[in-house]
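Q: Please take me through the features of this model and how each one is read.

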Amino acid sequence: MGDDNGEAGKDDTTIPLLTPYKMGRFQLSHRVVLAPLTRCRSFGYVPQPHAAVYYAQRATEGGLLIAEATGVSHSAQGYPDSPGIWTREQVEAWKPVVDAVHAKGGVFFCQIWHTGRASNYQFQPNGQAPVSSTDRPIAPTKSEDGLSVTTYPVPRRLAAEEIPAVVEDFRIAARNAIEAGFDGVEIHGAHGYLIDQFLKDGVNDRADEYGGSLANRCRFALEVVAAVAREVGAGRVGVRLSPYTQHMDAADSDPDALGLHMARALGGMGVLYLHAVEPRMVRPQERGETRRSLRPMRNAFRGTFVAAGAYTREDGSRAVADGYADLVAYGRLFLANPDLPRRFELDAPLNKYDRKTFYTSDPVIGYTDYPFLDDLPK
């Protein structure tokens, strides 16, 4: 379990979210984390100058930011204009973005991912089928407004002998992230993407050493973590998991056992942090009620524990004060409020986010145009 420095709750005038925390080699000044948020504004899969503005807006001295999910290869891509980090051009384009965050004193991690079967032909090299743990496609899904339906192709099941090459893609992406100046990497093992497609028995129907038992289903994830940790050091590696979510048809029959197994394994590998999505988030934008909790995972993991999932200022502070989490990641609130830690400090009103502009390609609207507290009319 993480070290809370004995600060949380010590001063009645300071909310627990705003107390300092030592995360391995990184000294954080507060516990409000920018969650990784896909923004679809990296034209041609290359980060753009407007990304430097966006991330610098949300950077604070000693604040942890996690960059949007970044592809480890061309075949890892699944969304328009999401960034990658497998080419020299991409690495060079990330450098000024990272520099802009560091100029503000921020700590910056790059989330690396592979979308697996959550991709489509137009995002794949030569229009090929995306790969997965299975050859079963994701069921067609309706948009939030019910006006459109996304269909997914039949994926190609990865052969066991192909898996080491995908692990290698993650290793090289991690090396590239450090070369670009990132302080570390977060491996995306959540929300129905490739690693989650291996972890969950609702997707993984393999009969080889990467399927069947819980240990076998976790094998690919842990091979990725081990390769990345060998490359950049376990003290620069975080992992995001969502055993309880059912996004992209990725459900598990025993998410408690899955979460606990992974937490214990990752703790034994000495990774820096575990970033877990709350059980109440059955799907990323749906908050429900459940008796399940991240507490068993938190207790089983020996590093820094980050919780995410529709947190408010109040329940985020409660999570820190109760030792439920060391850090709390905020997505939509941090998107709409670039000065979120300051607003939490002052208990100031929050800007409302506009869901319609989450994934547009505009370099300003819904991206860098949310006002700071000081910009609002007095």
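This is a predicted model: local features need pLDDT of at least 70, side-chain atom pairs count only at pLDDT 80 or more; totals for chains, interfaces and linings use all residues.

Q: How many helices and strands does the chain have?

A: Helices (H or I, at least four residues) and strands (E, at least two) are DSSP runs numbered from the N terminus. Here there are 11 helices and 17 strands. The chain is as compact as a globular protein of its length, because its radius of gyration is 19 Å, close to the 21 Å from the globule rule for 378 residues. That radius is taken over C-alpha atoms, and the rule is 2.2 Å times the number of residues to the power 0.38. The C-alpha trace spans about 60 × 40 × 40 Å along its principal axes.

Q: What share of the residues of the chain is buried?

A: Buried means under 20% relative accessible area, exposed over 50%, and partly exposed in between (1.4 Å probe, protein chains only). By that scale 56% of the 378 residues are buried. A contact means heavy atoms within 4.5 Å; among contacts between residues at least 6 apart in sequence, 72% join residues at least 24 apart.

Q: Which residues of α1 are buried?

A: As background, an α-helix has 3.6 residues a turn, so residues three or four places apart point the same way. In α1, seven of the nine residues are buried, namely His-50, Ala-51, Ala-52, Tyr-54, Tyr-55, Ala-56 and Gln-57. Their cover includes β3 (32-34), β4 (64-66), α2, β6 and α10 (332-336).

Q: How many aromatic pairs are there?

A: A pair of aromatic rings is described by the distance of the centres and the angle of the planes. Rings of Phe, Tyr and Trp (its six-membered ring) pair if their centres lie within 6.5 Å; planes under 30 degrees apart count as stacked, over 60 as edge-to-face and the rest as tilted. The count is 16 pairs. One of them joins Tyr-55 and Phe-108, which is tilted because the planes meet at 55°, with ring centres 5.1 Å apart. Tyr-55 lies in helix α1 (residues 49-57) and Phe-108 in strand β6 (residues 107-113), so this pair ties together parts 53 residues apart in sequence.

Q: What other ring does Phe-108 pair with?

A: Phe-108 also forms a tilted pair with Phe-182, at 4.8 Å centre to centre and 50° between the planes. Phe-182 is in the loop between α3 (163-179) and β11 (184-189), 74 residues from Phe-108. Phe-108 counts as buried at 0% relative accessibility, and Phe-182 is buried at 3%. One aromatic cluster holds Tyr-54, Tyr-55, Trp-94, Phe-108, Phe-182 and Tyr-367.

Q: Where in the chain are Asp-81 and Ala-310, and what is their phi?

A: Most residues other than glycine have a negative phi. Asp-81 has a positive phi, near 55°, and sits in the loop between β5 (70-71) and α2 (88-103). Ala-310 has a positive phi near 60°, in the loop between β16 (304-308) and α9 (313-321). Asp-81 is partly exposed at 22% relative accessibility, and Ala-310 is partly exposed at 26%.

Methods:
Residues are numbered from 1 along each chain as its sequence is written. Side-chain values use heavy atoms; hydrogens and water are left out.
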